[in-house]
Amino acid sequence: MTSLLSIGHHGQTESSKSCGNTGSSKSRSQIAQTSVKTGTSIEYAEQEDLKMTETTISANIVPSKSWNNPNKHYATCLASPWYESILELQDTIFHGTVDFFHRTLGYKYALLPSTTDSISSPMGLGSDSLLAAISLEGFDTYLADSMQFGLEYFLRIQKSAPGAYYVGTTFRGEDPDSMHPGWSIIEVLSSFYHIECELRGDFNEGIRFAELFMRTLASLILDKHADIVQAIAGNVSHITDFIAILEKNDNSLPRITVSQALELSEISSDPEAWRFVLDDDHTKGRLLTRIGERALLKRFGAVWLTEMDHLSVPFYQAFSPGTKNTKALCADLLIGPGEILGLGQRHLDAHGLNIALNMHQVPLDVYRWYSDIRDRNQGGIIMQTTGWGMGLERFLCWILSHDDVRDIAVMPRLKHVKFSP
């Protein structure tokens, strides 16, 4: 595990400091590309020259906020440099994702239905979203909030595949709100784009590939769209700093457990930085609020928050060894606006899963199939898998240093609001 002190107090690199102009004639994307391809530190004159340039340029592409006027939003988009830029970035992210999983890792693409009876965040302890319930031809079902279960199922059918993935639309039932004062609005879309994968391997293997994926996409965007990021965010330093953190730590990001985070002075001294899982039963554990996550981001820049109290996360996360089933083998990647990628190792067999279902007060009947596929007595297959998912809109909020995910959706879907098309 990477030392918590390995990147300094604020996760800043020397490339974040202003310095004199070196007279470099390389473009922003060329400089960034050089740092990625050589694998060397980006603390050199050309990068510092880039940093100096960035601080003198202000953003000149701004969002129209036309989602505030649903009847006119479609017309506004037609002449909007903002939405044209969003589509350019989405295209690059999609094709970069397919290249990464298919060509680099050899994962199989999964075509999955958008409806399910087995949602990945049921209304039990640890649920992290609200349901998107629908009636389809008189049949009550749900729009999927994740395709994780389908990916786990596919891996057990296509037994030679090292992993499975998809890029698609998922749904949640939350109402739009500003969450905490001064915090980004990043969880208000009823429909959003999800990049998810499930791989054969354990927790550490999952983190390794997630870090490689993040670096691959960040480098690709720097190479192809540094001009767009510059025009919207005003600089690209947040991306180059992220790559620098990886380079300084053997291509890995720092990790901190929830228990360790709760001991940090900036979190332990702030009653708004954490809360109990259940207000009326403090034995169920604690979790960080978004204020607590922001404190970690201020300290580290980018960090994995790991080993949550099990009752604060969904039931399907495996138990962390040696914790008497109290901690989960999962992690959230915090960067930019907050969590943009969630990861977890799954229960290996039906025994562990059924214990978790009972702990989380989730009825077994709807998830019996999920238990059976890892139960040899039911014809199931014992297979260790780990999976992770990233919201594309949240990722773009970080890439663009933007704080409102509603501006990222070209065709937004907000609860109780109708948009055309």
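Two strands are taken to pair if DSSP finds at least two bridges between them, and in this predicted model strand β6 (residues 191-200) and strand β13 meet that condition, pairing in the antiparallel sense over seven bridges.

- Eight strands form an open sheet, in which the order is β1-β5-β6-β13-β12-β11-β10-β7 and the pairing is mixed.
- The edges are taken by β1 (108-109) and β7 (255-257), each of which has a single partner strand, so one side of each is left without a neighbour in the sheet.
- Helix α5 (residues 148-157) lies across β5 (163-171), β6 and β13, and the helix runs at about 30 degrees to β6.

**Met 390 in strand β13**

- Met 390 is placed in strand β13, which spans residues 385-391, and this methionine counts as buried because its relative accessibility is 0%, where the cut-off for buried is under 20%.
- Although Met 390 and Glu 196 are 194 residues apart in sequence, their C-alpha atoms are 6.4 Å apart in space.
- Apart from neighbours within four places in sequence, Met 390 is in contact with Tyr 193, His 194 and Ile 195, with Phe 213, Met 214 and Leu 217, and also with Ile 340, Leu 341 and Phe 395.

**Thr 306 in strand β10**

- Thr 306 is found in strand β10 (residues 302-306) and is buried, because its relative accessible area is 4%, again with under 20% as the cut-off.
- With neighbours within four places in sequence left aside, the contacts of Thr 306 are Phe 203, Arg 255, Ile 256, Thr 257, Val 258, Cys 330 and Ala 331.

**The nonpolar cores**

- In soluble globular proteins, nonpolar side chains tend to be buried together.
- The largest nonpolar core holds 63 residues, of which Phe 101, Met 214, Phe 242, Trp 304, Leu 341, Trp 388 and Phe 395 touch the most other members.
- Helix α6 (residues 203-233) gives the most to this core, contributing 15 residues.
- Met 214, when residues up to four places away in sequence are not counted, touches Phe 242, Leu 333, Ile 340, Leu 341, Met 390, Phe 395 and Trp 398.

Note on methods
Residues numbered from 1 in each chain as written. Predicted model: local features only at pLDDT ≥ 70, side-chain atom pairs only at ≥ 80, totals over all residues. Heavy atoms only, no water. Helix = DSSP H or I, 4+ residues; strand = E, 2+ residues; numbered from the N terminus. Buried < 20%, exposed > 50% of the residue type's maximum accessible area, 1.4 Å probe, protein only. Contact = heavy atoms within 4.5 Å. Axes fitted to C-alpha atoms, helices over the stretch in contact; angles between N-to-C directions. Core = buried A, V, L, I, M, F, W, Y, C linked by side-chain atoms within 4.5 Å.
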